[in-house]
Amino acid sequence: MHGRNGDFALQAPLVLGHESAGIVTAVGPGVKNFVTGQRVAIEAGIMCRDCSYCKKGRYNLCKNMRFASSAKTFPHLDGTLQDRMNHPAHVLHPLPDNCSFEQAALAEPLSVLLHASRRASFTSSSAPSTVLVFGVGAIGLLACALAKSYGATRVVAIDINQARLNFAKEQGFAEQVYCLSMTDRAKTTEDQLKRARENVGAALSAFGEPDGFDLVFECTGAEPCIQMSIHAAITGGKVMLVGMGSRNVTLPLSAAALREVDIQGSFRYANTYPEALALLASGKLPNIEKIITHRFGLEESKRAFELLAKGRDEDGRMVIKVMIGPSDGQLF
């Protein structure tokens, strides 16, 4: 809405879209692993494959990365909201037979959570953990679903939108939720940090977890939530910063340092798509398709974005995830 995402500012017209799947319509010379008509998920980032980060398997940090629909690099690389696009074969991924196009489009945001979880050493084979998620938009709901699939002993969520929280609980993404009250912005930094500590303290009491949670996924990018997340982590726990939005944030670092709370950043993903697609096709993320609340044809993309910004449709129904597909609806 503002032509930027954090420090990434739009400098020229740009086609949006980076959570996508489609059908191979042609292959270039030398492409051996794909055939015309094959169903694929599109990994939107094109890494250089030559720098030290790429060679270490951390290609999400590649300084020469060109990411479809991102304003991070210039000239920008157009995104996936188009009928046809050319894309390198090494960042296309075959779909499992029982993985739908809609599920495959969710592989991108799910990859964000897979990467964040790996950085937190939180996997299906790790010790059981309690998990708190800030924000129950699409990313937050996926964080909840992934945590449950990994065997978290408890998954709860915090948001400012009661309707979304109700959805998260009713659909089994979180077992308990807490709605933050909307208040005027604190006038001083000291008041802001004090308010964050008090607000999250009330939430932890409501959850019956006064000492905090083992792992906190911060999926909003909002400064007050980032501040609260540090107090929400148990002593020795971890905070994963997933959401993007606030460019500069004041943090209660002493509270983190004294309690050895690890604060980790997470940017996009690397080597996650095969696992994401397998997980989506496995049925281990129940009700995951229900986060897709609305569907539009490509020519209605503008309306789709406007609807998402409003948060509710003309009938008052909540908007969480909007899927855009061909006008003929064949991919739906």
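**Exercise 1. Find which residues Leu146 touches, leaving out residues up to four places away in sequence.**

Solution. 
- Apply the contact criterion: heavy atoms within 4.5 Å.
- Leu146 then touches Leu110, Leu113, Leu114, Ser117, Leu279 and Leu285.
- Helices are DSSP runs of H or I with at least four residues, strands are runs of E with at least two, and both are numbered from the N terminus.
- Leu146 has a relative accessible area of 1%. Buried means under 20%, exposed over 50%, partly exposed in between, with a 1.4 Å probe and protein chains only. Leu146 is therefore buried.

The model is predicted: local features need pLDDT of at least 70, side-chain atom pairs count only at pLDDT 80 or more, and totals for chains, interfaces and linings use all residues. Residues are numbered from 1 along each chain as its sequence is written, and side-chain values use heavy atoms, with hydrogens and water left out.

**Exercise 2. Determine how α3 and α9 pack.**

Solution. 
- Take α3 as residues 107-119 and α9 as residues 273-282.
- The angle is about 115°, and the axes are 9 Å apart.
- Classify: under 35 degrees is roughly parallel, over 145 roughly antiparallel, 65 to 115 roughly perpendicular, the rest oblique. So α3 and α9 are roughly perpendicular.
- List the contact. From α3 come Ala107, Glu108, Leu110, Ser111, Leu114 and Arg118; from α9 come Tyr273, Glu275, Ala276, Leu277, Leu279 and Leu280.
- Sort this contact by class: eight residues are nonpolar, one is polar and three are charged. Nonpolar covers Ala, Val, Leu, Ile, Met, Phe, Trp, Tyr, Cys and Pro; charged covers Asp, Glu, Lys and Arg; the others, Gly among them, are polar.

**Exercise 3. Describe the packing of α6 and α7.**

Solution. 
- Helix α6 (residues 189-207) meets helix α7 (residues 223-232) at about 60°, with axes 8 Å apart.
- The pair is therefore oblique.
- The contact holds seven nonpolar, four polar and two charged residues.

Notes:
Axes are lines fitted to C-alpha atoms, for helices over the stretch in contact, and angles run from 0 to 180 degrees between N-to-C directions.
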